[in-house]
Amino acid sequence: MSEQAIINAKIVTPDEIFRGCVIYDDHTGKIKAVQKELPSDFPQENVTDAEESWVVPGGFDAHVHLGGFGEILIEDDFYTGSLGALAGGTTTVIDFCESEKGESPSHCIEKRMQEAKASAVDYAFHFVITRDYERQLEELQKILDYGITDFKLFTVYDNTDLTMKEIEYVIKELYGKIPDKNKITFLVHAEEKDIIEKQKKQVKNPSDMSMLAFTRPDISERKAVEQLQKIAENTGVNLCIAHTSAGATVALQSEQRTAGKHTEGFLLETCPHYLEFTDEKLEGKQGALYTMTPPLRKQQDVEQLWRGILNGKIDIFSTDHCPYSKYDKYGKTYETVPCGVDGIQTRMLYLFSEGVKKRGLSMKRFVELTSENAARFYHRFPQKGCIQPGSDADLVLITERENTEIHVENRKSNLDYTIYEGKQLEGKIQMVIKSGQTVYKNGKLNAEKGSGKYLG
Ligand SMILES: [Zn+2]
């Protein structure tokens, strides 16, 4: 057993910002103490001087896509994606198990477990309820036996598009089988399919990527969220709206919370790309590189999302990391282009720079958004998402003395471009500790393939 310590740190705990030291055990991988002074007999060779850097809990990215799904392969598998995650301060991710038509839930989960074994970050899964939901409900116990307690629902896409009626039915059936509602959460992709289908009929030039924004207007998200809020009221569900893109959705959440509704149990997740870019990026050939669903929106949406980040109407900050190569992105129509962008390595520092440094986001909110809220919502708190004795020793040191410029060459995951190319961020991820091991320091990774644990 060997105790390690980080001293001279500005530590963000759930209760306060604390100047002092964190002592952790590099064998058990757990935090042992958070205190003002280091014991005088503590071995000096086991001490890291943070030199007044911030020390925050390891990032918890609750929405990533690594490894295979769909016909076009994502550039990152669990190993390369997890390297990017670690270099960006993220030590836990939640990915997805989505069964193909006719595939049993257990087969799908087993397959994903195999792929995920290469991960260097800790991981869990959301189980995607597809059109095959009757079978999935029948085999629910098997899914739960794997330790999966979150379910992803979609309102769009072949194989996964469920009507609001079906969504309400699935939630009620699931609850009927598990009396303790608090054990279960839902993450929902919210876009109104009918609106999208109607818009699609008016498209004249499908190779124009702006059509992605045209066919999926903000109102399609807001309408879907409105209906999901009603379902939430009827069922008392713990539900998170995935990748909130529209200012209108934040406004809706704001109205509801002001009225005393949905203060807990109905959360909004957003992603860095919606805070950084507008739909102007979809114009021209490069437009293909900025494709994701829901699509990028207007400047006013960007501003409303930022307000939601600052005032607590947005709760979870994930990446929806899902990178494709330029080769896969180019030469497609707005309907055939593989949707998804990178973000796993950028997320924490992006929010630190653009939120904390430039917009006055508090460090407490920063921690809530990057780890604590997701850890709480998905039942991994206090193992994850906080710095206190007994929690996993997943720690990130962020210094304000150096800055970072993003280039594809310094991305550790498998990308041939990044949408953040050339972006200047204030601050730098200096050091990352996962389960008591220093996995990233001064730009260098030291993470073993397969060192990530399944959080079952
Ligand atoms: Zn996603």
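This is a predicted model: local features need pLDDT of at least 70, side-chain atom pairs count only at pLDDT 80 or more; totals for chains, interfaces and linings use all residues.
Where does proline 382 lie? Proline 382 sits in the loop between α14 (363-377) and β14 (395-399).

Let's start with the strands. Eight of them form an open sheet, and going across you meet them in the order β6-β7-β8-β9-β10-β11-β12-β13, with parallel pairing. At the edges are β6 (59-61) and β13 (316-317), each of which pairs on one side only. What holds neighbours like these together? Strands of a sheet pair through backbone hydrogen bonds, either parallel or antiparallel.

Now zoom in on a couple of neighbours. Strand β7 (residues 90-97) and strand β8 (residues 122-128) run parallel and are joined by six bridges. If you look for isoleucine 94, you'll find it opposite alanine 124 in β8. Helix α2 (residues 105-116) lies across β7 and β8, running at about 155° to β8.

Phenylalanine 186 is a handy landmark here: phenylalanine 151 stands opposite it on one side, and on the β11 side it stands opposite leucine 239. Helix α5 (residues 164-177) lies across β9 (150-154), β10 and β11 (239-241), at about 165° to β9.

Is β10 buried or exposed? Five of its five residues are buried, so the strand is largely enclosed by the rest of the structure. Thr185, Leu187 and His189 point one way, while Phe186 and Val188 point the other way.

Histidine 189 belongs to strand β10 (residues 185-189). With a relative accessible area of 1%, histidine 189 counts as buried, because the cut-off for that is under 20%. Its side chain makes a polar contact of 2.8 Å with the side chain of glutamate 191, and another of 3.2 Å with the side chain of histidine 243. Leaving aside neighbours within four places in sequence, the residues in contact with histidine 189 include Lys152, Phe154, Tyr157, Ala242, Thr293 and Pro294.

Histidine 243 deserves a look of its own. You'll find it in the loop between β11 and α9 (247-258), and at 2% relative accessibility it is buried too.

## The zinc site

Which residues coordinate the zinc ion? They are His63 (NE2), His65 (NE2) and Asp320 (OD), at 2.1 to 2.2 Å. Along the chain, these donors follow the spacing H-x1-H-x254-D. Histidine 65 is in the loop between β6 and α1 (78-87) and aspartate 320 is in the loop between β13 and α12 (326-329), so the pair ties together parts that are 255 residues apart in sequence. Histidine 65 is buried at 9% relative accessibility, and aspartate 320 is buried at 10%.

Most residues other than glycine have a negative phi, and most peptide bonds are trans. Asparagine 8, in strand β1 (residues 3-12), has a positive phi of about 50° although it is not a glycine. With a relative accessible area of 36%, asparagine 8 is partly exposed. Histidine 243 is not a glycine either, and its phi is positive at about 30°.

As for cis peptide bonds, one joins threonine 293 and proline 294, with omega about -10°. Proline 294 lies in the loop between α10 (272-276) and α11 (299-311). And here's the return to our opening residue: the bond from phenylalanine 381 to proline 382 is cis, with omega near 5°.

## An enclosed helix

Finally, take a look at helix α13 (residues 347-359). It is largely enclosed by the rest of the structure, because 10 of its 13 residues are buried. Among them are Arg347, Tyr350, Phe352, Glu354 and Val356. After the helix comes glycine 360, whose phi is positive, near 80°.

Key. Residues are numbered from 1 along each chain as its sequence is written. Side-chain values use heavy atoms; hydrogens and water are left out. Buried means under 20% relative accessible area, exposed over 50%, partly exposed in between (1.4 Å probe, protein chains only). Helices (H or I, at least four residues) and strands (E, at least two) are DSSP runs, numbered from the N terminus. A polar contact is a pair of N or O atoms within 3.5 Å; within protein, one must be able to donate a hydrogen and the other to accept it, and residues adjacent in sequence count only if both atoms are side-chain atoms. Contact means heavy atoms within 4.5 Å. Two strands pair if DSSP finds at least two bridges between them. Axes are lines fitted to C-alpha atoms, for helices over the stretch in contact, and angles run from 0 to 180 degrees between N-to-C directions. Donors are N, O and S atoms within 2.8 Å of the metal (3.2 Å for Na, K and Ca); water is not among the atoms, so sites may look incomplete.
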